Amino acid sequence: MHAYFEYHIEQGPILEAEKRQIGVVTHGQGLWWLEFTLSGKEAHTGSTPMAMRVNAGLAMGRILELVQGVAMDNQPGAVGGVGQVTFSPNSRNVLPGKVVFTVDIRSPDRAKLDGMRARIEAGAQEIAAELGVGCSVEAVGHFDPVTFAPELVARVRASAEKLGYSHMDIISGAGHDACWIAKVAPATMIMCPCVDGLSHNEAEDISKEWAAAGADVLLHAVIDTAGIV
């Protein structure tokens, strides 16, 4: 494959906030997905004294705060959060005996990404031990950060400038086909804004003008790379 270009909405709020029509994607985030299992003791929420609880839910809450702090300490570019949680027995008046949740951490810097993982795993064990809660963790997803082909990135930037579209360099926070193709062939991405930065949400939307601008840049970057004109 000579070259690969991918056009996608940003899936975030940066381009719209900065009033830029085109995102020139230079890198893709790497990620770790870490599945935590916390083991406490099921007990009645009304009749179990606070000091006598083995509360897996409380441990999860403190680990979520840890994830937030670690991500903030690794700015710029790093993110972290939890999007999936399962409580057991999931009853309104029973302290959870088991909590399973997945931490999603990302960074375009491999050393930072691995450092975030190490700090979160170590901190989670400390939190769990302090509360008398069992804690295990399993890595359930991973890919390395990606640097897109500089010559293709430059063509996207040049096309945006030639066509008069406002643009800025940006890092892809989500995983895309281009991130995998970059392992075997030159690749890059073009991004357009999305309304309120929403993605993976039923309200996700873009304007016709944004869509057209990105398609215009894509066409010219491909033609320039192929040497057709």
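Good morning. Strand S9 covers residues 146–147 and is joined to strand S2 by 2 bridges, the two strands running antiparallel. Two strands pair if DSSP finds at least two bridges between them. Strands (E, at least two residues) and helices (H or I, at least four) are DSSP runs, numbered from the N terminus.

Before I continue, please note that this is a predicted model, in which local features need pLDDT of at least 70 and side-chain atom pairs count only at pLDDT 80 or more, while totals for chains, interfaces and linings use all residues. Residues are numbered from 1 along each chain as its sequence is written, and side-chain values use heavy atoms, with hydrogens and water left out.

Let us stay with strand S2. Which other strands pair with S2? Strand S10, residues 167–172, pairs with S2 in the parallel sense over 6 bridges, and Gly28 stands opposite Ser172 there. Strand S11, residues 187–192, pairs with S2 in the antiparallel sense over 3 bridges; here Gly23 stands opposite Met191. Of the 7 residues of S2 (residues 22–28), 6 are buried, so the strand is largely enclosed by the rest of the structure. Buried means under 20% relative accessible area, exposed means over 50%, and partly exposed lies in between (1.4 Å probe, protein chains only).

I turn now to the open sheet. Its 4 strands follow the order S5-S7-S3-S8, with antiparallel pairing. The edge strands, S5 (79–88) and S8 (134–143), each pair on one side only. Neighbouring strands of this sheet are turned by 15 degrees against each other on average, direction ignored. Within the sheet, 9 bridges join S3 (residues 30–39) to S8, and Phe36 stands opposite Val137 in S8.

Helix H2, residues 56–73, lies across S3, S5 and S7 (98–107), and runs at about 170 degrees to S5. Contact means heavy atoms within 4.5 Å. Axes are lines fitted to C-alpha atoms, for helices over the stretch in contact, and angles run from 0 to 180 degrees between N-to-C directions.

UniProt, in an unreviewed entry, places the feature "domain: Peptidase M20 dimerisation" at residues 29–128. Such positions are given in the numbering used here, feature names are shortened, and annotations may be inferred rather than shown by experiment. That span is 37% helix and 34% strand, and its end C-alpha atoms lie 29 Å apart.

Next, the aromatic rings. Rings of Phe, Tyr and Trp (its six-membered ring) pair if their centres lie within 6.5 Å; planes under 30 degrees apart count as stacked, over 60 as edge-to-face and the rest as tilted. By this rule there are 2 aromatic pairs. Phe36 and Phe101 have ring centres 5.3 Å apart and planes at 10 degrees, so this pair is stacked. Phe36 lies in S3 and Phe101 in S7, so the pair ties together parts that are 65 residues apart in sequence. Both Phe36 and Phe101 are buried.

Why is the pair of Phe143 and Trp180 called edge-to-face? Their ring centres are 5.5 Å apart and their planes stand at 70 degrees, so the pair is edge-to-face. Phe143 is buried, at 14% relative accessible area, whereas Trp180 counts as partly exposed at 45%.

Finally, the cysteines. A search of the whole structure finds 0 disulfides, a disulfide being a pair of cysteine sulfur atoms within 2.5 Å. For Cys194, the nearest cysteine sulfur, that of Cys192, is 7.3 Å away. Cys194 is buried, with a relative accessible area of 0%.

Thank you.
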